[in-house]
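Colleague: Could you take me through this model, one question at a time?

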Amino acid sequence: MRKTAIVTGFILAGMLLAPEASHAETLQDALTAAWLNNPSLEARRDELDIADERIEQARAQRRPTVNLFGGYQYESIDSNRPIAFNLGDRPVASAQIEARLPVYTGGRLNAGIRQAEAGSRVAEAQLDSAGQGLLLDTVTAYVDILRDRQVIDIRKNSIGLLEGQFTAASDRFEVGDITRTDVALARARLEGGTAQLAAAQAQLEASLAIYALITGLEAGDLAPVPPLPDVPASFDDALEVALSGNPDIEAALQAESAAREGVALAEGALKPEVSLIGQAGIQEYHVDGFRDTSVVAGAEARVPLFTGGLNTSRVREARLARNQARSQIDLNRRIVRTNVARAWYGLEAATQSVSASERQVEAAELAFEGAREELSVGTRTTLDVLDQEQQLLEARLALATSRRDRYVAAHQLLAAMGQLTPDRLGMGMR
């Protein structure tokens, strides 16, 4: 386990985070709501069910088929032959049952079954990928709200300090200790802080809307996030897991398998087909009281001789689709490798940024308090205090953002590895 993951318990304690209320929504609540209620994921589940039905359809083509035909007709027969039989008007009822069993199709039916099975595995891998993407989006939306609320609290606190500075500057101007410029500087910083607070509140509303879109929930009081998940000890370890377990790579591999079977399916259409058939029929002439019955059993062969180039074109198309699927495997592996690198080094950078921002906040707080004390004895100007307050504000905002980025990057890494599953997140569902 990475050393950074060990220390996250106390580092995250100050993030995002008021003490957890008994009724606060948790990250687990949000993840479960998204997993159970998100329409896009439900559509993916339906796609998997559809793919499973295609397997059954492909298998059905290898089984016997039985059809029943029936009809009722009224016929009128006349003839100018010297001797003719069965003339006149009469109704005729007929019925026939036919059974057909394919015994040889050039491998086409078996290839169709294997193709459908591979298609089901593609749909399953795509469902896995969509599920992990949804969980990552949920984690991101959750911590975005926590960050945005913390940013608002920081900016409100900053405005309180700026209001105090503006009031103090106005009082000191009245007694002649400072100039009108100092008052104008304090007022400008206050108005700027007010505008930035409005922007932060707008950002929170956007994050709330995204959260509602993903989870179907209206975000109330959100509990602090759990500690960072464990991640591999090195980039190479993470990449190895990703290349063997990422669902996008698995989907591409299964799509290539389906495309291979598509070639066999197309080539099967060039070969003969043989079926066993059996028929039994009856015709009944109601007026005459006659009845004809028949029974037929045998084999039927079909040999494609000329199809205008249709079948050979389908073979070429299937081979091109197979080549395309192989290229997609290489592309997906490159994408996964890039995503792992981006998440890994993003996590490294965010971890270092958190440590640096914590030290920066501590130093900025000391500098700000010192500047205020020195202002009171006349060794600092109002501008000096405002600059120190601005540095403290920026340090606190950077810390909140770094903590959010680190948490998201850790989960992005798990998603790139194919490990951001309900089990891994402790959701207790599949």
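Predicted model: local features only at pLDDT ≥ 70, side-chain atom pairs only at ≥ 80, totals over all residues.

Colleague: Which element gives the largest share of the lining of the second largest pocket?

Modeller: A pocket is an open set of points on a 1 Å grid over the protein atoms alone, where a 1.4 Å probe fits, with protein on both sides within 12 Å along at least five of seven lines; lining residues have an atom within 4 Å of a point. Helix H4 (39-60), helix H5 (108-174) and helix H8 (247-268) are the elements that each give two or more residues to this lining. The largest share is 10 residues, and it comes from H5.

Colleague: Which residues lie closest to the centre of that pocket?

Modeller: The lining of the second largest pocket has 21 residues. Those closest to the centre are Arg54, Gly112, Gln115, Ala116 and Gly119.

Colleague: Which residues have the most contacts inside the largest nonpolar core?

Modeller: Such a core is a set of buried Ala, Val, Leu, Ile, Met, Phe, Trp, Tyr and Cys residues joined through side-chain atoms within 4.5 Å, where buried means under 20% relative accessible area (1.4 Å probe, protein chains only). The largest one has 68 residues, and its largest share, 18 residues, comes from H5. Those with the most contacts inside this core are Tyr142, Tyr211, Val340 and Leu413.

Colleague: Are Tyr142 and Tyr211 stacked, edge-to-face or tilted as an aromatic pair?

Modeller: Rings of Phe, Tyr and Trp (its six-membered ring) pair if their centres lie within 6.5 Å; planes under 30 degrees apart count as stacked, over 60 as edge-to-face and the rest as tilted. Tyr142 and Tyr211 are both buried. Their rings lie 6.4 Å centre to centre with 55° between the planes, so the pair is tilted.

Colleague: How many residues apart in the chain are the partners of this pair?

Modeller: The pair links distant parts of the chain, with Tyr142 in helix H5 and Tyr211 in helix H6. The separation is 69 residues.

Colleague: How many helices and strands does the protein chain have?

Modeller: From the N terminus on, the elements run α-α-α-α-β-β-α-α-α-α-β-β-α-α. That gives 10 helices and 4 strands.

Key
Residues numbered from 1 in each chain as written. Heavy atoms only, no water. Buried < 20%, exposed > 50% of the residue type's maximum accessible area, 1.4 Å probe, protein only.
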